[in-house]
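This report concerns salt bridges, selected residues and a pocket. The sequence and the structure are shown below.

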Amino acid sequence: MLVNEVAKKLGINPDKVRFYTRIQLLRPEKNRLNGYREYGEEDINRLKFILTARQLGFSIDDIHHILSDADKKKSACPRVRSLIDKRLQEMEQQFSETQQLRERMQEAVSLWSQKPNKVPTGQMICHLIEEFAIQNDSKD
């Protein structure tokens with residue numbers, strides 16, 4: 001199959017197939033007559049795996065390592081478990097930081113709804129943000 005056929009079969013953009021080929025996660029055979037890359041079922045299965053791994057939050061580097069293990073006929077499962085634990089911890093940290101930001105934003109919206117608009121001066125750009133920063137510094 002050619003790039004466009006693979007992309008159509010999997011419902012993805014052909015550039016995605018080209019990208020994974022360029023970074024050598026996919027290694028299609030080259031047709032000796034026309035030089036086109038031809039993807040087989042193994043390539044399609046590998047691409048499905050890559051797409052699923054990306055949906056689970058695995059990085060390109062993670063996937064390289066996982067596929068390298070598989071290519072060496074070594075179980076990638078221990079690595080996958082370790083990586084997903086690491087990715088989940090990272091996601092939990094990001095989620096916590098996002099929740100904290102959301103709370104600060106909600107607080108700002110509440111405070112700012114009661115304040116007037118002011119024209120910038122040489123000492124002040126937007127009093128809403130500047131007073132918020134001072135107020136939050138005094139809480140610490």
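In this predicted model, Arg-18 is partly exposed, because its relative accessibility of 36% falls between the limits of 20% and 50%. Its salt-bridge partner is Asp-15, with 3.0 Å between N and O. Asp-15 likewise counts as partly exposed, at 49% relative accessibility. Both residues belong to helix H2, which spans residues 14-22. Because they are three residues apart in that helix, about one helical turn separates them.

**Salt bridges between helices**

The count of salt bridges in the model comes to nine.

| Pair | N to O distance |
|---|---|
| Arg-18 and Asp-15 | 3.0 Å |
| Arg-46 and Asp-71 | 2.9 Å |
| Asp-69 and Arg-79 | 2.8 Å |

Arg-46 and Asp-71 form a salt bridge in which the closest N and O atoms are 2.9 Å apart. This pair links distant parts of the chain, since Arg-46 sits in helix H3 (residues 41-55) and Asp-71 in helix H4 (residues 60-71), 25 residues apart. Arg-46 is buried, because its relative accessibility of 13% is under 20%. Asp-71, at 38%, is partly exposed.

Asp-69 and Arg-79 also meet through their side chains in a salt bridge. Asp-69 lies in helix H4 and Arg-79 in helix H5 (residues 77-112), so the pair ties together parts of the chain that are 10 residues apart in sequence. Asp-69 has a relative accessible area of 5% and is buried, whereas Arg-79, with 31%, is partly exposed.

**The largest pocket**

Arg-27, Arg-46 and Asp-71 are also among the residues that line the largest pocket. The volume of this pocket is about 270 Å³. H3 and H4 each supply at least two residues of the lining. By residue class, the lining divides into six charged, four nonpolar and one polar.

**Two further residues**

Is Thr-21 buried or exposed? Thr-21, which lies in helix H2, is buried, because its relative accessibility of 7% is under 20%. Leaving aside residues up to four places away in sequence, Thr-21 touches Leu-26, Pro-28, Arg-37 and Tyr-39.

Lys-30 lies in strand S1, which comprises residues 29-30. Lys-30 is exposed, because its relative accessible area of 55% is over 50%. With residues up to four places away in sequence again left out, Lys-30 touches Gly-35, Tyr-36 and Arg-37.

Terms used
Residues are numbered from 1 along each chain as its sequence is written. This is a predicted model: local features need pLDDT of at least 70, side-chain atom pairs count only at pLDDT 80 or more; totals for chains, interfaces and linings use all residues. Side-chain values use heavy atoms; hydrogens and water are left out. A salt bridge is a side-chain nitrogen of Lys or Arg within 4 Å of a carboxyl oxygen of Asp or Glu. Helices (H or I, at least four residues) and strands (E, at least two) are DSSP runs, numbered from the N terminus. Buried means under 20% relative accessible area, exposed over 50%, partly exposed in between (1.4 Å probe, protein chains only). Contact means heavy atoms within 4.5 Å. On a 1 Å grid over the protein atoms alone, a cavity is a set of points where a 1.4 Å probe fits but cannot get out, and a pocket is an open set with protein on both sides within 12 Å along at least five of seven lines; lining residues have an atom within 4 Å of a point. Grid points are joined across faces, edges and corners, and a volume is the space filled by probe spheres set on the points. Ala, Val, Leu, Ile, Met, Phe, Trp, Tyr, Cys and Pro count as nonpolar, Asp, Glu, Lys and Arg as charged, and the others, Gly among them, as polar.
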